[in-house]
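Subject: Structure for your review

Hello,

Here is the structure for you to look through. My notes on what was found in it follow below.

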Amino acid sequence: MEILFLEPVFKTMVWGGDRLRTEYGYDIPNDFTGECWAISAHPNGDCTIKNGTYKGKTLSWLWENKRHLFGNRSEQTFPLLVKIIDAKQDLSIQVHPSDSYAYTHENGALGKTECWYILDCDVNAEIVIGHNAKDKEELEYMIENDKWDELIRLRNIRKGDFFQINPGTVHAIKEGTLLLETQQNSDITYRLYDYGRLVDGKPRQLHIKESIDVINCPHKDAIIDDKIIKRNNCEIRELIKNKHYTLKKISIYNDGEITLNQDKDFMNISVIEGNGEIDKAPITKGDHFILCTGYGKFKLKGNMELIVSYID
Ligand code: ZN
């Protein structure tokens with residue numbers, strides 16, 4: 001059965017850098033490339049299949065016309081979106097709506113649950129996750145009076161950390177961070193604060209009312225149940241499992257090999273470190289591919305780390 005290798009789409013961002021070229025070897029458009037949309041059927045960045053029968057077709061075309069490859073799932077669009085983000089500078093502080101809020105206020109769109117696997121970061125790198133307001137009233141007061149330092153919760157991060165960002169969670173990626181984001185296929189973001197930055201001489205649009213509407217008060221950190229299975233020269237770490245996605249990190253050392261089973265509707269795989277092979281096809285850091293319905297057993301071999309995502 002064919003593996004669907006994907007051609008990523010790149011996004012220029014004020015806060016982007018060049019690490020998607022220097023560390024991943026991608027042919028990026030410029031030195032302000034913030035995002036690589038690696039597995040995506042979103043209209044703002046639809047990946048193309050690189051190989052085989054469907055070479056040149058987009059992922060959204062396959063979802064539309066060959067739905068059996070994805071277990072004939074009922075979602076209108078391919079449900080997940082996998083990105084690599086290179087934050088050379090701070091991203092704006094933002095929050096995403098839940099499915100129900102987005103449905104009512106954004107023309108039936110989906111909300112956005114996302115998660116981050118830290119691929120690499122500076123020694124003292126931080127992220128924003130959560131806030132310190134005890135209720136909506138205090139939240140509004142702190143926002144209206146520019147008390148950002150008191151409001152925002154910062155956290156130190158290290159390579160290999162994993163964070164789940166539920167809808168309603170105030171969050172931001174900060175400078176010096178390279179991460180893999182897996183999210184619901186949605187692009188709805190409410191920008192709460194942009195550090196007073198100007199882009200082309202103007203501040204970017206903020207969405208204060210919507211943000212206050214959807215921010216959870218008080219903030220609660222998502223619960224992450226990190227399970228690790230070790231086998232000979234391999235390790236499988238379950239990062240998260242919820243109704244939107246399950247994520248696992250697979251590490252293979254010393255030319256180790258492992259046989260796994262693809263028995264889901266589809267399985268997304270990103271090679272985040274090293275190289276090796278899948279069923280004898282060579283794969284390397286920066287490759288992203290999908291194993292379709294019925295793929296069954298597959299063998300990974302080499303020295304590499306991979307992030308796998310699917311819907312259970
Ligand atoms: Zn976000």
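A salt bridge here is a side-chain nitrogen of Lys or Arg within 4 Å of a carboxyl oxygen of Asp or Glu. This is a predicted model, in which local features need pLDDT of at least 70 and side-chain atom pairs count only at pLDDT 80 or more, while totals for chains, interfaces and linings use all residues. Residues are numbered from 1 along each chain as its sequence is written, and side-chain values use heavy atoms, with hydrogens and water left out.

Salt bridges

The structure holds 24 salt bridges. In one of them, aspartate 120 pairs with arginine 19, with 2.7 Å between the closest N and O atoms. Aspartate 120 is in strand β9 and arginine 19 in helix α1 (residues 19-22), so the pair ties together parts that are 101 residues apart in sequence. Helices (H or I, at least four residues) and strands (E, at least two) are DSSP runs, numbered from the N terminus. Arginine 19 counts as buried at 15% relative accessibility, whereas aspartate 120 is partly exposed at 24%. The cut-offs are under 20% relative accessible area for buried, over 50% for exposed, and partly exposed in between (1.4 Å probe, protein chains only).

Arginine 21 and aspartate 31 also meet in a salt bridge, at 2.7 Å from N to O. Arginine 21 lies in helix α1 and aspartate 31 in the loop between α1 and β3, so this pair ties together parts that are ten residues apart in sequence.

Zinc site

The zinc ion has as protein donors Gln94 (OE1), His96 (NE2), Glu114 (OE), Glu114 (OE) and His171 (NE2), at 2.1 to 2.8 Å. Donors are N, O and S atoms within 2.8 Å of the metal (3.2 Å for Na, K and Ca); water is not among the atoms, so sites may look incomplete. Along the chain the donors follow the spacing Q-x1-H-x17-E-x56-H. Glutamate 114 in strand β9 (residues 114-121) and histidine 171 in strand β13 (residues 171-173) are 57 residues apart, a pair that links distant parts of the chain. Both glutamate 114 and histidine 171 are buried.

Two buried lysines

Lysine 83 is in strand β7 (residues 80-87) and is buried, with a relative accessible area of 3%. Lysine 112 sits in the loop between α3 (99-105) and β9 and counts as buried at 4%. What joins the side chains of lysine 83 and glutamine 183? A polar contact of 3.5 Å does. Lysine 112 has a side-chain polar contact with glutamine 183 at 3.4 Å. A polar contact is a pair of N or O atoms within 3.5 Å; within protein, one must be able to donate a hydrogen and the other to accept it, and residues adjacent in sequence count only if both atoms are side-chain atoms.

Domains

The protein is divided into domain 1 (3-214) and domain 2 (227-310), with bounds from an automatic or database domain assignment. Their centres, taken over C-alpha atoms, are 23 Å apart. Contact (heavy atoms within 4.5 Å) involves 34 residues of domain 1 and 30 residues of domain 2. The two domains bury about 2,700 Å² between them, 68% of it on carbon and sulfur atoms; buried area is the accessible area (1.4 Å probe) that two parts lose on being put together, summed over both. In domain 1, Ile3, Leu80 and Tyr117 lose the most area to domain 2, together 21% of what that side buries. Between the domains there are two salt bridges and 13 residue pairs in polar contact (both at pLDDT 80 or more).

Regards
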